[in-house]
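Dear colleague,

I am passing on to you the structure we spoke about, with the sequence alongside.

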Amino acid sequence: MRNQPAKQTPKDRLVVALDLPDRGSALKMVERLTGAVGMFKIGSQLFTAEGPALVHEIVKAGEKVFLDLKFHDIPNTVAGAVESAARLGVSILNVHTLGGSEMMRAAAHAVGERGLLWITRPAVLGVTVLTSMDKTDLADVGIASDLRGEVVRLATLARDSGLDGIVASPEEIRLIRECITAEDYIVLTPGVRPAWSEKGDQKRVAQPADAIRDGADFIVIGRAITESADPRAATDRILDEIAHAQ
C-alpha cells in the first residue's frame with residue numbers, strides 16, 4: 001500500500017508543526033493556513049494540553065494530522081496507542097525505532113492486519129535520531145557508532161519491521177535513499193529551516209529546497225511559519241521554494 005500520492009504538489013509535502021500551547025492558538029493557526037498546507041503536526045506539548053479531542057476536531061474539519069508522539073514502550077502498549085491514534089483519523093504517526101523490532105512490528109500490525117477497522121490507514125514511521133542531537137549527544141547515552149551509520153541502521157530495522165518509513169534529519173535523507181530503495185518508503189524530515197528564519201534548537205538542519213531535492217517526501221516546518229507576523233505569507237514563500245526544487 002502506498003501511503004502518499006505518486007505525484008505530490010508543494011502543498012502536499014508541507015507539514016506545519018503546531019507547537020503551540022493551547023486549543024485556541026492551534027485552531028487559529030489552522031484556520032489561517034487552511035488550503036495552503038498539506039498537514040498539521042500535533043506533538044507532545046499540544047497533545048498533553050488538549051488531548052485527543054483537538055486531534056479529532058482538526059481531522060473532522062477536513063485537515064490531515066501527523067501525530068508526533070514518538071511512542072516508545074513495550075510492544076503491547078505501543079500497539080494499543082497506535083490503534084487509538086488510528087481511530088482518531090490521523091494520517092501519519094510515529095514510534096521510536098530504539099524500541100526495537102518487536103515493538104515496531106506490533107505497531108505495524110496494529111494498522112495492518114487489524115487495519116480493516118479504518119477506511120484510510122495511517123502511515124507508521126520510525127524516529128531514528130532526533131534532529132536536536134549530534135554525535136556528542138549520542139555518546140552521552142552510550143551510542144558510540146557513527147551518527148549517520150546509526151540512522152541508516154535504524155531506518156533499515158524500521159523497514160524490516162514493517163514500518164512505512166522513517167523520520168530523519170536533512171543530513172541523512174540522501175544516504176537513506178541510497179541504502180533503502182523501496183519506492184514507497186516514506187522519508188519525513190524535521191529540522192527544515194528557510195534561510196530567512198532562525199535555526200532554533202535544531203543541530204542537523206537544511207533549507208526546504210535542499211531537503212526536497214535530497215529525497216524528502218514531507219518536510220516539517222514550525223516556528224518559521226507559526227511565529228511569523230504573517231504565517232500565510234511565510235507559507236507561500238516556502239511553497240515557492242518547494243516548487244522550484246521539484
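Predicted model: local features only at pLDDT ≥ 70, side-chain atom pairs only at ≥ 80, totals over all residues.

The secondary structure comes to 12 helices and 8 strands, and of the 246 residues in the protein, 52% are buried. Among contacts between residues at least 6 apart in sequence, 71% join residues that are at least 24 apart. The protein exposes about 11,100 Å², of which carbon and sulfur atoms supply 50%.

The helix I looked at is H2, which spans residues 23-33 and whose buried residues are Ala26, Met29, Val30 and Leu33. Seen down the axis of H2, these buried residues fall within an arc of 100°, and therefore they line one face of the helix. The face of H2 turned away from the buried side carries the exposed residues Lys28 and Glu31. The cover over the buried residues includes strands E1 (14-17) and E2 (39-42), together with helices H3 (44-50), H4 (52-60), H11 (223-226) and H12 (231-245). At the N-terminal end, H2 is capped by aspartate 22, a side-chain oxygen of which lies 3.4 Å from the backbone nitrogen of glycine 24, while glycine 35, which follows the helix, has a positive phi, near 90°.

Arginine 13, which lies in helix H1 (residues 10-13), deserves a look of its own. This residue is buried yet has no salt bridge, and the nearest side chain of opposite charge, that of aspartate 217, is 5.0 Å away. A polar atom of the arginine 13 side chain does, however, lie 2.6 Å from the backbone oxygen of alanine 216. Leaving aside residues up to four places away in sequence, arginine 13 touches Gln8, Ile212, Ala216, Asp217, Phe218, Ile219, Ile242 and Gln246.

The other residue is valine 95 in strand E4 (residues 92-96), which is buried, with a relative accessible area of 0%. Beyond residues up to four places away in sequence, valine 95 touches a set that includes Phe71, Val78, Val82, Met103, Met104, Val124, Leu125 and Leu163. Valine 95 and histidine 72 are 23 residues apart in sequence, and their C-alpha atoms are 6.0 Å apart in space.

Definitions and conventions. Residues numbered from 1 in each chain as written. Heavy atoms only, no water. Helix = DSSP H or I, 4+ residues; strand = E, 2+ residues; numbered from the N terminus. Buried < 20%, exposed > 50% of the residue type's maximum accessible area, 1.4 Å probe, protein only. Lys, Arg positive; Asp, Glu negative; His and termini not counted. Salt bridge = Lys/Arg side-chain N within 4 Å of Asp/Glu carboxyl O. Polar contact = N/O pair within 3.5 Å; in protein donor to acceptor, adjacent residues only side chain to side chain. Contact = heavy atoms within 4.5 Å. Arc of directions from axis to C-beta. Areas by Shrake-Rupley, 256 points an atom, 1.4 Å probe, with all protein chains shown as cover.
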